Amino acid sequence: MDPIRIVIADDHPLYREGVARSLADDPGLLVVGEAQDAGSAVAMVEALRPDVVLLDLSMPGGGGIVALQK
C-alpha cells in the first residue's frame with residue numbers, strides 16, 4: 001500500500017519541522033513538501049498533488065482560507 005502523501009503549510013518553521021518529524025515516524029505517511037506561505041502552498045499542492053494538506057489558517061500571502069479557495 002502506498003503511503004499517504006502530505007504537504008505541510010505553516011509560516012512557523014519550528015512547528016512545520018516538528019510536525020514533519022513526527023509524521024516521519026509512521027511508515028504509512030510521507031511528507032512530500034513544506035510551504036511557508038499561502039502562495040507557496042498553492043503552488044506546491046498543484047505540483048505535487050498530495051493526499052492531505054495540513055494548512056495553517058493564518059499565514060502570509062492571504063492565509064489558509066485564501067489557499068483553500070484557490
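What covers the buried residues of helix H1?

Mentor: This is a predicted model, in which local features need pLDDT of at least 70 and side-chain atom pairs count only at pLDDT 80 or more, while totals for chains, interfaces and linings use all residues. Residues are numbered from 1 along each chain as its sequence is written, and side-chain values use heavy atoms, with hydrogens and water left out.

Arg-16, Val-19, Ala-20 and Leu-23 are the buried residues of H1; buried means under 20% relative accessible area, exposed over 50% and partly exposed in between, with a 1.4 Å probe and protein chains only. Seen down the helix axis, these buried residues fall within an arc of 100° (taken from the directions from the axis to the C-beta atoms), so they line one face of H1. An α-helix has 3.6 residues a turn, so residues three or four places apart point the same way.

That face is covered by, among others, strands E1 (4-9), E2 (29-35) and E3 (52-55); a strand is a DSSP run of E, at least two residues, and contact means heavy atoms within 4.5 Å. On the other side of H1, Leu-14 and Arg-21 are exposed. Gly-18, also in H1, is partly exposed, at a relative accessible area of 28%.

Notes:
Helices (H or I, at least four residues) and strands (E, at least two) are DSSP runs, numbered from the N terminus.
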